Amino acid sequence: MKETHPMTEDLIHRRAVLGRAASLLGGALSMSAVAGVLAGCAASPSPVADASPAGDPATARSAAIAVIADLILPRTDTPGAIDVGVPAFIERMMADYYRPEERRAFMAGLDRVDTDARATLGRPFLALSSGEQTALLERYDREAYDWARAGGEGATPFFRTMKELTTLGYFTSETGASKVLKYDPIPGAYEACIPYADVGRAWST
Amino acid sequence: MANLNTLAREKNTYDAIVVGSGISGGWAAKELAEKGLKTLVLERGRQVRHIADYPTVNTPPWAFRFPGARVPQDEIDSRYAKQARTGYTITDATKHFYIRDDQHPYSETRRFDWIRSYQVGGRSLVWGRQSYRWSDLDFEANAREGVAVDWPIRYADLAPWYDHVEEFIGVSGQAEGLPHLPDGRFQPPMDMNCVEKHMKSAVEGRFRERRVTIGRTAHITQPTEAQKALGRTACQHQNQCSRGCVFGAYFASNSSTLLAANNTGNLTLQPDAVVTSIIFDPVKNRASGVRVRDAETGDEVELYARVIFLCASALNSAWLMMNSTSNRFPDGFGNGSGQLGRNVMDHHFLVGASADVEGWEDRYYKGRRPNGFYIPRFRNLGDAATKKDFLRGYGYQGGASRQGWQRLVAELGFGKEMKDELMDPGAWTIGMTAFGEMLPDPSNRITLNKDVRDMHGLPTLTIDVGLGDNELRMRKDMQSAAVEMLEASGFRNVRGYERSYGPGLGIHEMGTARMGRDPKTSVLNAHNQVHECLNVYVTDGAAMTSASCVNPSLTYMALTARAADHAVSALKRGEL
């Protein structure tokens, strides 16, 4: 029996929705900031950015996702979130995996970051320095933490979703899972209790 | 199954027909074929060839559509709403080994989670592999307590067949010398890790009647010559068993019994063949064959044999009998007792405890052990000290491990500091869930539903099963005893839990055509023959007269091998 893939039609529709929602962000933004992010993003093209003409507001959304992901898992002596393609991963999850109400909540959270940046510092989020961006995100991190401590009732805070998706995308990427952490597809034996130094890094699976 | 009509015309009579190719059907096929019977296995689902049809076996974690091979909710809702209730069955790594609920519906009077695999190999491809022998504590329980009916067999009847099955499939485990959990023919046990070993010594030191051992699991750790000859090798500790195993390291029909049956030259395996009813010959008072519907074309044929084994799984074997009515059996095949479809049991679980562990930060492990620790039943063992306010008992399955990269998302902080921390594993944690015995209750039943039809236009099942007071009392103890043991081990932040459980979720459904001594109160006799039609044997979970608290598949295999031996002898004596 031949099967049609149920996601295909839906997927195209969802990307269109994501693009329209992105246009709500609109307005002025520093093209230099966007250009900088996209340069870092080059190895992992964004489906939303690709579908948009240069300077389209959807690009600003992609840029904000990339900036926040890279602040959550920055490049250190190991690759950062942008290096392993986390921003494109998050956009793909939003387009293809999440339901409309979850996607809307995520977009609203992303909007709020920019609104708060303009209200408190008078500039779009993407035009802030990394230090200013980090300070803003720490507020959201605290809110997400308090929400979880209080039992996690109601809608999941934007930053919690962002942190989950960044971590998930990073450590399930080929680089994150097999180069940064350790991955052994066919371990052979089970060694139950060995010195940690013999492994030296966490297993990704 | 395009060749079925041709096949039927040219050769529509066999010595034996086996309905189903899962854990029980594979065993029936092997034993009957090895004993010289021309055996036809009818499998309702598609062909699944060992190795060749395990499509995700080499897929690394990053190559799935979504991380963790998760499936979007819309797809689950439209196709797998019930199959996904376990939380682990429907992934892009495994969903091809489960049925679609939109194609194979059933109706729930009360919630029942019926997880199914219609394919060559059935659920043997995706089973949990824990393998424990029953004991006379189990076989004598109904008679001792006046519950339901007595088992017509005892441990001594089954012990040699447990030996036979274990030697062939390969079971790794540790002999413990417990009378109520008999030791088997074990291959070398897997190891417990340091935290589990600590718990073992703490629990066994504190509670005289409790034992912590490594799980007994149908994984080869030291292959025999016979296993090597089938192409099976030792477990490689990938722990992705339910995708299928290219090493043939865990027992599945596809890698083991069906290959052995095929090697005899006596096996015909026919996938896409839905058996719709049993043909009864009132003159001979025997079944003469089965009616089969081609799953692809809808064509119907009749196939004949001298002996028929029903191994279609507990609910589906009962469905087939209920759907096989005649003047002789107006209420379902062999249902003079009225017990067909009743006494549905499962193992109730998802209740236990977990804890944080301080220490052992300098210890880690290598490899993904497809197994955990096991705490055998320690309640109601027959002495005053272990007697509780409920009947029967439960065992625990659990494990300890170090936390992974998922652990910090709910904590404060992000950036370099969080990332650096995630390079190392987190603290150790430990947890366990109990598996409890469910009593047989005739009001827990399935019935034929002719209003709701499956994708082949066949009647479906309505399921009405719930936990009784005994199980609910037991669940309280299942949680508190788990908490007690983790606390006795000195672990921190010990948390008892009880999660939402629907009968069936243990995927140990059984009891719908029970064995017994009296045709007035049971469907099958001591050799798994239908009391009222002796050339039909039912050897899957349907046969179970009570549930024990241990995982049941090993017992289905032993019952099947024993019944096959009986059938061949009875045929030779001209009794069938």
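Let's start with one pair: Ser107(B) stands opposite Thr462(B) in strand β17 of chain B.

A word on ground rules. This is a predicted model, where local features need pLDDT of at least 70 and side-chain atom pairs count only at pLDDT 80 or more, while totals for chains, interfaces and linings use all residues. Residues are numbered from 1 along each chain as its sequence is written, chains are lettered from A and ligands numbered from 1 in the order written, and side-chain values use heavy atoms, with hydrogens and water left out.

Back to that pair. β3(B) and β17(B), residues 459–464, pair in the parallel sense over two bridges. To pair, two strands need at least two bridges found by DSSP. They belong to an open sheet of three strands, in the order β3-β17-β16 of chain B, with mixed pairing. β3 (107–108) and β16 (445–453) of chain B each have a single partner strand, so one side of each is left without a neighbour in the sheet.

Next, the sheet of six strands in chain B. This one is open too, the order is β6-β13-β14-β15-β11-β18, and the pairing is antiparallel. Which strands stand at the edges? They are β6 (213–214) and β18 (492–498) of chain B; each has a single partner strand, so one side of each has no neighbour in the sheet. Inside the sheet, β14 (394–402) and β15 (428–436) of chain B run antiparallel, joined by nine bridges. Gly399(B) stands opposite Gly431(B) there, in β15(B).

Helices pack on this sheet. α12 of chain B, residues 469–488, touches β11, β13, β14, β15 and β18 of chain B. Its direction makes about 15 degrees with that of β11(B). Helix α7 of chain B, residues 194–206, lies across β11 (351–357), β13 (373–375), β14 and β15 of chain B, at about 60 degrees to β15(B). Axes are lines fitted to C-alpha atoms, for helices over the stretch in contact, and angles run from 0 to 180 degrees between N-to-C directions.

Now the interface. Chain A gives 66 residues to the contact and chain B gives 51; contact means heavy atoms within 4.5 Å. The two chains bury about 5,400 Å² between them, 62% of it on carbon and sulfur atoms. Buried area is the accessible area, with a 1.4 Å probe, that two parts lose on being put together, summed over both. In chain A, Tyr97(A), Tyr190(A) and Tyr196(A) lose the most area to chain B, together 14% of what that side buries.

What joins the chains? One link is between strands: three bridges join β1(A) to β12 of chain B, residues 363–366, and the two run antiparallel. Pro195(A) stands opposite Arg363(B) in β12(B).

Then there is charge. How many salt bridges cross the interface of chain A and chain B? Four, by a rule that wants a side-chain nitrogen of Lys or Arg within 4 Å of a carboxyl oxygen of Asp or Glu. In one salt bridge, Lys366(B) meets Asp184(A) at 3.5 Å, N to O.

Over all chains, the count of salt bridges comes to 59. Among them, Arg185(B) pairs with Asp163(B), the closest N and O atoms being 3.1 Å apart. That pair links distant parts of the chain, 22 residues apart: Arg185(B) is in the loop between β4 (171–172) and β5 (186–187) of chain B, and Asp163(B) is in helix α6 (155–169) of chain B.

Technical notes:
Helices (H or I, at least four residues) and strands (E, at least two) are DSSP runs, numbered from the N terminus.
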